[in-house]
Amino acid sequence: MRQINDLIIGIEILEPFLKQQGFVFESYKNEKNMDGHFVVATFKNGRKKFIINYKDSIRQVIYQFDNSIVCHDFYLVQLGLANKKQLLNFHSDNKLIAFKHILEDFEFLVSDFFNGDCIKLKEF
């Protein structure tokens, strides 16, 4: 399945940072909806999850703490970083650029999500 191969290449960009933050690969699932097949990859660190939905490109990036869930774009906008975020378009012809942009955006989430107690995430 092409989606899995593309996703694996993209995850290789994110994984060193995620491992450094204590996240481990938990699972991937092949899913299907009206639009066709897509893959969901999940990384976990205790009560925190980082989730990517991927089809022909990244469809959605999710940050979860217990039952509190926010999407990448919403999280950064709520933090007041709409004009600083690098990931502007999930659906790019260059499939790897979106992963590189997510990695760059991680710097804005280190204090709340990756190293913190997700206070802002839970608030949003």
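**Exercise 1. Find out whether R47 is buried or exposed, and which partner the R47 side chain meets in a salt bridge.**

Step 1. R47 has a relative accessible area of 52%, so R47 is exposed. The classes are these: buried means under 20% relative accessible area, exposed means over 50%, and partly exposed lies in between, with a 1.4 Å probe and protein chains only.

Step 2. The side chain of R47 meets that of D66 in a salt bridge, at 2.5 Å from N to O. Such a bridge needs a side-chain nitrogen of Lys or Arg within 4 Å of a carboxyl oxygen of Asp or Glu. This pair links distant parts of the chain, 19 residues apart: R47 is in the loop between strand 2 and strand 3 (48-54), and D66 is in the loop between strand 4 (58-65) and strand 5 (68-71).

Step 3. D66 counts as partly exposed, at 32% relative accessibility.

A word on the ground rules: this is a predicted model, where local features need pLDDT of at least 70 and side-chain atom pairs count only at pLDDT 80 or more, while totals for chains, interfaces and linings use all residues. Residues are numbered from 1 along each chain as its sequence is written, and side-chain values use heavy atoms, leaving out hydrogens and water.

**Exercise 2. Locate T42 and list what T42 is in contact with beyond its neighbours within four places in sequence.**

Step 1. T42 is found in strand 2, and at 9% relative accessibility T42 counts as buried.

Step 2. With those neighbours left aside, T42 is in contact (heavy atoms within 4.5 Å) with V24, F25, E26, S27, K49, F50 and I51.

**Exercise 3. Characterise the ring pairs F17 with F114 and Y63 with Y75.**

Step 1. The structure holds 14 aromatic pairs. Rings of Phe, Tyr and Trp (its six-membered ring) pair if their centres lie within 6.5 Å; planes under 30 degrees apart are stacked, over 60 edge-to-face, and the rest tilted.

Step 2. The ring centres of F17 and F114 are 5.0 Å apart and the planes stand at 90°, so this pair is edge-to-face. Because F17 lies in helix 1 and F114 in helix 4, the pair ties together parts that are 97 residues apart in sequence.

Step 3. F17 is buried at 16% relative accessible area, and F114 is buried at 3%.

Step 4. For Y63 and Y75, the centres are 5.4 Å apart and the planes at 65°, so this pair is edge-to-face too. Both Y63 and Y75 are buried.

Technical notes:
Helix = DSSP H or I, 4+ residues; strand = E, 2+ residues; numbered from the N terminus.
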